Amino acid sequence: MRASRQASDARRGAAGRVLAVLLALTAPTVAPAAGEAPRRVVSMNLCTDQIAMLVAAPGQLVSVSHLAARPDVSLMSAEAAGLAINHGLAEEIFRLDPDLVVAGTYTTRATVNLLRRLGRRVEEFRPEASFADIRENVRRMGELLGREAEAARLIAAFDAEAAALAAAPPGEDAPGKGAPVLGSFGANSYTSGAGTLENAIVGAAGLRHLGEDLAITGTTRLPLEALVLADPDYVLLWERSRNDPSRAADILRHPALDARFSSERRLSADSRAWICGTPLTLEAVKRLRAEASGGTSRHREATR
Amino acid sequence: MTADRRYPLLLAGLGLLAALLFLASLGIGQVWIDPLTLVAAFNDTDSAEALILAEIRLPRALLGAGIGAILGLSGAVLQGFLRNPLAEPGLLGISASASLGAVIAIYAGLTALHPYALPLCALAGALVAVTLVQMLVGRSGDILVIILAGVALSSLAGALTSLALNLSPSPFAALEIVFWMLGSLTDRSLVHVGLALPFILVGGVMLALTGRALDALALGPDVARSLGIDLDRTRVLAVVGTAIGVGGATAVSGAIGFVGLIVPHLLRPLVGHRPSRLLPASALGGAAFLLAADIVVRVVMPDRDLKLGVVTALLGAPFFLWLLVSLRGRSA
């Protein structure tokens, strides 16, 4: 009788302790005082990874997502090599004991919510759809990390480079009505239109964007039939997708595409500079402009 | 006697229907092109319309007809050979296993070595599945056994397909599980026709050769044997023919279910319940059915890439349930 009461007391005690731990976990811990820069920052999204690596002080950023370390999707895989790699899972991020987590607004909701329940500060960044968004996200990252001066320096350099690109004449065509049209065509026949970073890059390179001409907003499927009929001056193919063995990329090897768009009408792009809006995005503009001005005159004489 | 006289008419009607749907499939696409412009495109082979017709719509229509025919035909043969009304490549997990073979061929890099690795691996997957099914249910006509065998094989093949896609480094691989499970003919090219059609034809001929044996088998295996039917030869033709045909088809279209179930059941009363007559009728009917389903996909949601298997399942699954209920009523 006594033994059993002791056992039940012990059980109750254990249950109480578990409850106390659970309560401690769910109650938000005290956030670092305002004005004090976070010392252990973890990023869990490819785009915030790259902006954070550009902005953070040495040692301030402890971990980036596994995508940032992949040379096929990240422009900063070399910089990511020295950092801890996370896979966007709540458990591993919690173990890194961050005082700030930066994530994208589309990063798995469950993980972000769980981290918040565990009392971690999570700041979300909207994907960049324009050059203004790039400036804003860099500025905000600087503010969150207490690195306002570094962010301001990056933005100033970005602005100067963008202004220099805008001043240089894009080939022989001025942007506007007469500019050649460029349509992008990706795996699973996806293309982009207005309101996307792609649209901003294409515009900055002095080209018209087929997606915008077709009144497409965002990213959507463009049937191959529609692309053939629309007949843009250039088709932009992602160089990484073209050699991908998947069925999704099969469409990029379709004979109709070969028959319609000869090699000088195809531009290839390094998708790494297009995925995320960062100060490095201007690389995409420069390369696109160089490729387009290489083929423009030849193609125009041949078709008009 | 009426069924005898009706039979040529039925075949002619199904053939005409399939031909009309084939033409409709050329005329209806993801973008609307005036039929007159399309006809004019025959003379101007450089125009965008001619290109769309020859390189985008023709392969799609050819594959729709060929794949529909082989699925309908293999359904009819499997139902006759296993003497089980629910036999069908999709339900038995044969299509899902062929998908697994195709996925392995693509993501292990075999297709880069030789394009025919794709249909051959799909064929191997289908062969394993159809052999297993035949061993599992060959001796019993029990409906429950065949359904459970199909469920087990389909989910195993589906899980392994998923695993293979998750292990692949390609960024698009994980999204492709839908295609391999539900099937689609979107933007297939003449290259795919060249990959699939030879296998579909060879498999189709092998399946068609089982007709006389299936007639005899309808009276029971002992009667069939006494009539001089070589059952081992029939088994090889049915099993290997299904594997080759469905393997080649699934390699380019993904797993499309229910065609082999619905079509033979709809046509069986019309051919007077003779298995040998059901075979050509099911092939033509399957072609017409899949062409029609593929037109529905493009008309209802032209810009959404609706999967073909969604349409066939929307029609097929209720039919399957109705069939189950009516079979239980009959056996009770």
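1. Basis of the note. Residues are numbered from 1 along each chain as its sequence is written, and chains are lettered from A and ligands numbered from 1 in the order in which they are written. Because the model is predicted, local features need pLDDT of at least 70 and side-chain atom pairs count only at pLDDT 80 or more, while totals for chains, interfaces and linings use all residues; side-chain values use heavy atoms, with hydrogens and water left out.

2. Chain A overall. Chain A holds 14 helices and 11 strands (DSSP runs numbered from the N terminus, helices being H or I of at least four residues and strands E of at least two). Of its 304 residues, 47% count as buried (buried means under 20% relative accessible area, exposed over 50% and partly exposed in between, with a 1.4 Å probe and protein chains only). Among the contacts in chain A with a separation of 6 or more, 63% join residues 24 or more positions apart (contact means heavy atoms within 4.5 Å).

3. The five-stranded sheet of chain A. An open sheet of 5 strands has the order β3-β2-β1-β4-β5 in chain A, with parallel pairing (two strands pair if DSSP finds at least two bridges between them). Its edge strands are β3 (84-86) and β5 (122-125) of chain A, each of which pairs on one side only. From one strand to the next, the twist averages 25° (axes are lines fitted to C-alpha atoms, for helices over the stretch in contact, and angles run from 0 to 180 degrees between N-to-C directions).

4. Strand β4 of chain A and its partners. Strands β1 (residues 41-43) and β4 (residues 100-104) of chain A are joined in the parallel sense over 3 bridges. V41(A) stands opposite L100(A) in β4(A), and V42(A) has V101(A) as its bridge partner. β4(A) also pairs with β5(A), in the parallel sense over 4 bridges; here the bridge partner of G104(A) is F125(A).

5. Burial of strand β4. How many residues of β4(A) are buried? The count is 5 of the 5, so β4(A) is largely enclosed by the rest of the structure. L100(A), V102(A) and G104(A) point one way from β4(A), whereas V101(A) and A103(A) point the other way. In a regular strand the side chains alternate between the two faces of the sheet.

6. Helices across the five-stranded sheet. Helix α2 (residues 46-55) of chain A lies across β1, β2 (61-65), β4 and β5 of chain A, and runs at about 150° to β2(A). Helix α5 (residues 109-117) of chain A lies across β4 and β5 of chain A, and runs at about 150° to β5(A).

7. The four-stranded sheet of chain A. An open sheet of 4 strands, with parallel pairing, has the order β8-β6-β10-β11 in chain A. β8 (208-209) and β11 (266-269) of chain A are its edge strands, each pairing on one side only. Strands β6 (residues 181-184) and β10 (residues 234-238) of chain A run parallel and are joined by 3 bridges; S184(A) has L236(A) in β10(A) as its bridge partner.

8. Helix α8 of chain A. This helix (residues 197-204) is mostly covered, with 6 of its 8 residues buried. The buried residues of α8(A) are L197(A), E198(A), N199(A), A200(A), I201(A) and V202(A). After α8(A) comes G206(A), whose phi is positive, near 80°.

9. Nonpolar cores. The largest nonpolar core has 87 residues, and those with the most contacts inside it are I67(B), L82(B), L92(B) and I94(B) (such a core is a set of buried Ala, Val, Leu, Ile, Met, Phe, Trp, Tyr and Cys residues joined through side-chain atoms within 4.5 Å). Helix α14 (residues 275-300) of chain B gives the most to this core, with 12 residues.

10. A buried histidine in chain B. H192(B) lies in helix α9 (residues 190-208) of chain B. Is H192(B) buried or exposed? Its relative accessibility is 8%, so H192(B) counts as buried. Leaving aside neighbours within four places in sequence, H192(B) is in contact with D250(A), L63(B) and V252(B).
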